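Hello,

Here is the structure we talked about. Please load it first, then read the notes below.

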Amino acid sequence: VVRRMIHANADFEFNGLTAFHPDAMRAGFLAVLKGGTPIVADVEMICVGLSQPRLKHFGLSTHHYISDDDVIEDAKSENSTRAVQAMRKAHRLGKLDGAIVGIGNAPTALIELVRLIREEGVRPALVIGMPVGFVSAAESKDLLMTVNEVPWVAIKGRKGGSTLVVAAIHALLSLAEAEQKKKAA
């Protein structure tokens, strides 16, 4: 996973900045191999960056809600962010339990997801928490790294981004494809 992330942005620092829950790789691998697993993203960029043939091969579907009219309206009416409301909508729609959740842009989405895990019992298969930025990005990932209930992959500090989430998911897809080929041989 880290090698793929380094290839995605030519930054060797990710070799020391990337942190893994002890069950992260196994959980992500199994979620892909199971097939039909939803991938819920904070932004459309992640969904667009994923290989459609690879997703189709495993029967995986992508979902993002940040631009939905009801999400925008709820954010305005509750004086919240669209990212928070998008995670809440994903939860209401039953998309988070058993999902691979990728967050590369919005720290508030990651903070809300951790709240949903702790307070509402949401159980994604894997959280890939890599929001980039100066405002709450590092803090949101620090918060994720205190979660024991759900496996996660995170980047320490301010670095991150949707490209890295896509790279991490592609690494999981590649590992799962290799496993399938090995079993078929």
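This is a predicted model: local features need pLDDT of at least 70, side-chain atom pairs count only at pLDDT 80 or more; totals for chains, interfaces and linings use all residues.

**Helix packing and a buried proline**

Residues are numbered from 1 along each chain as its sequence is written, and side-chain values use heavy atoms, with hydrogens and water left out.

**H6 and H7**

H6 covers residues 69-77 and H7 residues 82-92. Helices (H or I, at least four residues) and strands (E, at least two) are DSSP runs, numbered from the N terminus. The two axes lie 8 Å apart, at an angle of about 125 degrees. Axes are lines fitted to C-alpha atoms, for helices over the stretch in contact, and angles run from 0 to 180 degrees between N-to-C directions. H6 and H7 are therefore oblique to each other (under 35 degrees is roughly parallel, over 145 roughly antiparallel, 65 to 115 roughly perpendicular, the rest oblique).

H6 brings Asp70, Val71, Ile72, Asp74 and Ala75 to the contact; H7 brings Arg82, Gln85, Ala86, Lys89 and Arg92. Contact means heavy atoms within 4.5 Å.

**H8 and H9**

The axes of H8 (residues 107-120) and H9 (residues 137-144) come within 8 Å and cross at roughly 20 degrees. That makes H8 roughly parallel to H9. This crossing is left-handed. From H8, the contact uses Pro107, Leu110, Ile111, Val114 and Arg118; from H9, Ala137, Ser140, Lys141, Leu143 and Leu144. Here the count is seven nonpolar, one polar and two charged.

Which residues of H9 are buried? They are Ala137, Ala138, Ser140, Lys141 and Leu144. Buried means under 20% relative accessible area, exposed over 50%, partly exposed in between (1.4 Å probe, protein chains only). Seen down the axis of H9, they fall within an arc of 165 degrees, so they line one face of the helix. The arc is taken over directions from the helix axis to the C-beta atoms. These buried residues pack against H8, E5 and strand E6 (152-155).

**Pro131**

Pro131 sits in the loop between strand E5 (126-129) and H9. Its relative accessibility is 0%, so Pro131 counts as buried. Its C-alpha atom is 9.2 Å from that of Thr108, 23 residues apart along the chain.

Best wishes

Methods
A crossing is left-handed if the near helix is turned anticlockwise from the far one by less than a right angle, and right-handed if clockwise. Ala, Val, Leu, Ile, Met, Phe, Trp, Tyr, Cys and Pro count as nonpolar, Asp, Glu, Lys and Arg as charged, and the others, Gly among them, as polar.
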